[in-house]
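Here is a friendly walk through one protein model, written for someone who likes to know the cut-offs behind each term. Please have a look at the sequence and the coordinates first.

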Amino acid sequence: MTASLSSSPTRSQSFSVVLAIELWERFGFYGMQGILLLYMVQRLGFDDAQANLLWGTFSAVTYAAPAIGGWIGDALLGSRRTMTMGAAVLAIGYALLGLDLGGQFALFVALAVIALGNGLFKANAANLVRRIYEGDDARIDVAFTIYYMSINVGSTFSLLLTPWLQQHYGWGPPFLVCSTGLVFGLACYAVFRSRLQNIGSAPDFRPVVPRHLAGVLAGVVVALAVMVGILGVPAAGKACVWIAALTIAVIWVLLYRRATPAHRPGLRLAYLLIVQTMLYFVFYQQMVTSLTLFALRDVQSQFTLFGVPLFSMSAGQFQALNPVWIMAASPVLSWLYKAMEERGWNFPIAEKFIVGFSLVALAFLIWWWSAATSTTLVSPWVMFWAYGALSVGELLISALGLAVVARYVPANVGGFMMGSYCVSNGVAMYLGSMMANLAAMGSAVSGGDPSVTLPIYAGLFRTLFLLAVGCTLLFVVCLPFTRRWDAQHRAAQEARHAG
C-alpha cells in the first residue's frame, strides 16, 4: 500500500521522516566506524591483519543481515516496525561499545548486536523510500541521490566528532554519543510517524501477530550467539561469507526462473548492476582499513595553503572527507540528472557506473603516485583530492545501487532484493579487507620510518588502480547488453501500464 503518486507533498513529508531517522542511524554507524579500527589497533593491541579481517567479517555480517531483515519487514512485522526495532538495537550496540570493557569477547558481543540492528534497519528504511516513489522512475533516481546526500550530513558530523572526543576523553564517550544519536532519531520518528501512515509493507497495516513477534525475538537471540561465534573465529567468518554469497546466488536463480517473461530483462539488468556495485565496495572498504592506517602512519595532519596553516585532521577524521565530498557533489548531480531528463538526454545507470569506476581508478592513481614518489609524510591534500574522486564515483555507483533495485525489481520481492543487495556489498567488503591485508604490517614495521611503510602502501594502491581500470573496461564491454535489457524492461512496463 502506498500513497497516491499525485500527492507530492505527502510523498515529500513521508520521505523526510525516513530521512530523519536514517540520518541519525548513519550518525551512529559512521561515528563508530571512524574510530573502531583504531580502537582495535591502539586500544586492544590487534595487529593490522587481525583488525582488517575482523572489520571485514563485521562488515560482511552487517551487510548480510538486511537480507533477513528485509524479509521480516515484508512478511512478518512490517517495514516500519522492523526499521524502528533495528534502530533501538543499534542504540544498545553502541552503548555496549561505550562501556569500553577492553576485552575481545565484549567487542564481539557489541559488534554482533550492531550487525543485528543494521539488519533490521537498513533494508526496511530503503524499502520505504522505494514505496514512497514507486512507479516514478525519474523521481526515484533523484530521491535516492538526495537520500544519499542527506544521510551524509549525519556521517560527516560524527566522523569529525568521534575521533576528537576519543583524543580528548578516551574511547568510551564517542561510542556513547553514537548511541545517543540513535535515541534522538527514534524520538524524531515517534513525533512524526503519522506521516508514514500510508507507506509500508502489508504487515504494517495489520495488528502484530504475537507468534510472528515471538519468532523474530527468538531468532534475534539465536542470531546474536551465532554472530559472536563468527566474529570470534576468523575461519568461521570466512566460511559464512561464502555460504551467504552462494545462498543469495541460488535464490537469484530461483527468482529469475519463477519471474514472468516481462520481469526477466529488468532482473537481468538488476543482477548485473548489483554485481558492479559489489565490486565498488572492494575499493570502498579501503577507507576504513588501509587508507585509515595509511593516514595514521604516512600522512601529515596539518593542511596548509601557500605555507599558511588552515586546519588539521586525525587519521580517523580523514574518513569525513568522503561524506563532505558527497554532500558537495550530490546537488550538482541531482541538477544534472533533472536537466538531462528535461532535454530528453538519456544517461542510463549502466553508463553512470562506467564514469564512476573511472573516477575510482583516478583516486587510487593519486594515492599510488603519492606513496610511490614520497619518502617522508605525504601531504594531506592528497587525501582531499583522492577522496573527492572516490566519493563522486560512489555517488555514480553505490548511491544508485538502491535505485537499481527500486527501478528494475518487482515490488513483491523488493524488500528481499534490497537485503540481497546489501549481502553482495558485505561480501565485497570482506574481499576489500583481504585486499587491505596486502599492506598489513606488524608492530615493528608499522611504527617505523615512512620510507619503509610508503612502498608497502604504494604496492597496494597500484594493485587497486589496475583493478579499477580493468573493471571500467569490462563494464564498457557489457554496455550493449545493459542497453538492450533496459529497453526491454521499459517496453514491458509500458505494455503493463497500457493494459
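This is a predicted model: local features need pLDDT of at least 70, side-chain atom pairs count only at pLDDT 80 or more; totals for chains, interfaces and linings use all residues.

Residues are numbered from 1 along each chain as its sequence is written, and side-chain values use heavy atoms, with hydrogens and water left out.

**Domains and cores**

The protein chain is assigned domain 1 (10-232) and domain 2 (261-306 + 317-498), with bounds that come from an automatic or database domain assignment. Their C-alpha centres are 21 Å apart.

A nonpolar core here is a set of buried Ala, Val, Leu, Ile, Met, Phe, Trp, Tyr and Cys residues joined through side-chain atoms within 4.5 Å. Buried means under 20% relative accessible area, exposed over 50%, and partly exposed in between (1.4 Å probe, protein chains only). The largest nonpolar core has 134 residues, of which M32, L36, F58, L107, F294, W367 and F461 touch the most other members. Helix α1 (residues 8-43) contributes the most to this core, with 15 residues; helices (H or I, at least four residues) and strands (E, at least two) are DSSP runs, numbered from the N terminus. Both domain 1 and domain 2 supply at least three residues to this core. Another core, of eight residues, lies apart from it and includes I72, V113, L120 and V216.

F294 deserves a look of its own. Setting aside neighbours within four places in sequence, F294 has contacts (heavy atoms within 4.5 Å) that include W367, S370, Y457 and F461.

**Salt bridges**

How many salt bridges does the structure hold? There are five, each defined as a side-chain nitrogen of Lys or Arg within 4 Å of a carboxyl oxygen of Asp or Glu. Three of them are listed here.

| Pair | Closest N to O distance |
|---|---|
| E25 and R26 | 2.6 Å |
| D48 and R297 | 2.7 Å |

E22 in helix α1 and K122 in helix α4 (residues 104-132) are 100 residues apart. D48 in helix α2 (residues 48-76) and R297 in helix α10 (residues 290-298) are 249 residues apart, and both D48 and R297 are buried. A network of salt bridges links E22, E25, R26 and K122. E22 counts as buried because its relative accessible area is 0%, and K122 is buried at 19%.

S155 sits in helix α5 (residues 137-169) and is buried, at 1% relative accessibility. Beyond four places in sequence, S155 touches R26, F27, Y30 and P323.

S370 belongs to helix α12 (residues 349-372) and is buried at 2%. Although S370 and A458 are 88 residues apart along the chain, their C-alpha atoms are separated by 8.0 Å.

V89, in helix α3 (residues 79-98), is buried at 18%. With neighbours within four places left aside, V89 is in contact with V113, L116, G117 and L120.

**A surface patch**

L305, F306, V308, L310 and F311 make up a nonpolar patch on the surface, with about 540 Å² of accessible area together. Strand β2 (residues 308-312) gives the largest share, three residues. Why is F311 called partly exposed? Its relative accessible area is 40%.

Conventions. Patches are made of residues with over 30% relative accessible area and no salt bridge: like charges are joined within 9 Å, nonpolar side chains (Val, Leu, Ile, Met, Phe, Trp, Tyr) within 5 Å. Accessible areas come from the Shrake-Rupley method with a 1.4 Å probe; for residues, only the protein chains shown count as cover.
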